[in-house]
Structures are given as C-alpha cells and as structure tokens.
Amino acid sequence: MVHVTCAEHGLHRTAEEVRGQFGTIDKIISNVKKIFKKAPSRVQTFKTHAPNIPLPPEPVITRWGTWLKASIYYCEYYKQICEIVEMLDSEDASSIKIAKKNLVKTCVKTESLDILEKVQVQLQMAQGNDGQKVYKKFETVLNKNSGLKILKQISKIIGGESDNMDALPEDLTTNDLSFYKFAPITSIDVERSFSIYKNLLTDNRRSFKLENIRKHLLLQCNTVGNQEY
C-alpha cells in the first residue's frame, strides 16, 4: 500500500501562499467586496458606470480557487474599479476608505509614466538659463535610469503603440510582458524603512539586547501598519 497525500490540497496550500504574499491585493479584494455587498445604491452606481463588466466577485477562503479568480478579475478591470471606487464617499463606509488607499498603493505603471512625461513636457517649456539647467538635470537623471527605459518600451507594447522588442532584455518573452502591467516605478515606500533602521542602529546604542531589538522592530512595524489604515 502506498499513501499519497492529496495533490490538490498541495496546490491549494500553494495558492494560499500566493494570497499571503500579496497583502495589498487581498485587502482590495476583501474591501471592494464589502462595498457592494447589500448596498443597492452602490451596485446601481457600478452598473451605470460600467454596464459591460460583472460585479466584483465575492471569494470565500474555504472555496478553493475563488481568491485567484478574483485576482484575475481585478487584473482585467482594474482601471474601471479604481474609477468607480473613487466616485464613492469615503465617509460612507470604512471599506471604501481602505479600498481607496490600497488601490492607490498598487501604482499603475502606465499612469505613473504619463505623469512623468507631463513633468518632462512642463520642464522643457521652462524659460531662461536656470529653467534649462533644471530640464537638463531632469534629462540626465532619466537617461541614467535604464530600467525606466525598459518599462516605457513595455508600456508601449502593452498599449499597442509598438511591437518592437529589440530594446528589451533577451530573456524577456512576449508572455512575460503582462506581468509588468502594474510594475511600480517608485520605491519610496521601501526607503521609508531606512530611517527606522537608522534610528535602531545608531552609534550611541550600547546595551540593546537582542530580545529588545525584536520587540522594537515589532513595535515599529505595527505602528507603520496601523498608520496605513
């Protein structure tokens, strides 16, 4: 007799790990679901603004695969969901407020690039010698950012403006491009943590025990997390 652990359970546990690694997406799915649940007026707003797409799914954690299907839904209709949620009043429900904050955090790359291009156009129009120096500095900074150039090219391909993949890395395939749809172009959220560690690792700390360091880090992380809500 050979005992075989259910392979489907293994896949489900893997899917749970996916959900655990994408906390922001999980908050979006959970709170947007609450926004339209038992809320006829909001449902009507949704159907009026986006009549051709279904209502946000209501995944149940105990029903396998429903969370992943919900993630695919938001990947396809992300822009429409952002527009609809933005129309709602944050004071009506805490779920609306939380959803708005987390939808902003996902940082759609194409919109970010549009903002960057608008800044470039405005700086290019700057008058005088000082204005041109500022624009030249901006151009120098952008030209050194090779990764940003790649994201711009990917954005054009995804948007149908171009089909040229010559400037992209050789190991990047056409199927990989969809994964860059919501790639952020900023890392400021990560840099905020540097100041926390800087305060923790100052030279004047002489008797910080390992156990206290753990408690301090836990306190700092919880404080940052609570501020987001």
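How are helices H7 and H8 oriented to each other? The two helices pack at an angle of about 80°, and they are therefore roughly perpendicular to each other. Angles of 65 to 115 degrees count as roughly perpendicular, those under 35 as roughly parallel, those over 145 as roughly antiparallel and the rest as oblique. Each angle runs from 0 to 180 degrees between N-to-C directions, and the axes are lines fitted to C-alpha atoms, for helices over the stretch in contact.

The model is predicted: local features need pLDDT of at least 70, side-chain atom pairs count only at pLDDT 80 or more, and totals for chains, interfaces and linings use all residues. Residues are numbered from 1 along each chain as its sequence is written, and side-chain values use heavy atoms, with hydrogens and water left out.

The chain holds ten helices and zero strands. Helices (H or I, at least four residues) and strands (E, at least two) are DSSP runs, numbered from the N terminus. Of the 229 residues in the chain, 24% are buried. Buried means under 20% relative accessible area, exposed over 50%, and partly exposed in between (1.4 Å probe, protein chains only). Contact means heavy atoms within 4.5 Å. Among contacts between residues at least 6 apart in sequence, 54% join residues at least 24 apart.

Helix H7 spans residues 128–144, and its axis lies 5 Å from that of H8. Leu 142, Asn 143 and Lys 144 of H7 meet Ser 146, Leu 148, Lys 149 and Lys 152 of H8. These contact residues divide into two nonpolar, two polar and three charged. Here Ala, Val, Leu, Ile, Met, Phe, Trp, Tyr, Cys and Pro count as nonpolar, Asp, Glu, Lys and Arg as charged, and the others, Gly among them, as polar.

H8 has 13 residues and reaches 19 Å from its first C-alpha to its last, close to the 18 Å expected at 1.5 Å a residue. The expected span is 1.5 Å times one less than the number of residues. Buried residues of H8 are Leu 148, Leu 151, Gln 153, Ile 154, Ser 155 and Ile 157. Why does Gln 153 count as buried? Its relative accessibility is 16%. Beyond its neighbours within four places in sequence, Gln 153 is in contact with Ser 162, Asn 164 and Leu 168. Just after H8, Gly 160 has a positive phi of about 80°.

A second pair is H2 (residues 23–36) and H4 (residues 66–87), whose axes come within 10 Å and cross at roughly 65°. H2 and H4 are therefore roughly perpendicular to each other. The crossing of H2 past H4 is left-handed. A crossing is left-handed if the near helix is turned anticlockwise from the far one by less than a right angle, and right-handed if clockwise. Contact residues include Ile 25, Ile 28 and Phe 36 of H2 and Trp 67, Tyr 74 and Val 85 of H4. Twelve of the contact residues are nonpolar, one is polar and two are charged. In H2, the buried residues are Ile 28, Ile 29, Asn 31, Val 32, Ile 35 and Phe 36. Lys 38 follows H2 and has a positive phi, near 55°.

H4 also packs with helix H3 (residues 40–49), at an angle of about 115° and with the axes 10 Å apart. This crossing is right-handed. Thr 45, Phe 46 and His 49 in H3 meet Tyr 73, Ile 81, Glu 83, Ile 84 and Met 87 in H4. Five of these residues are nonpolar, two polar and one charged.
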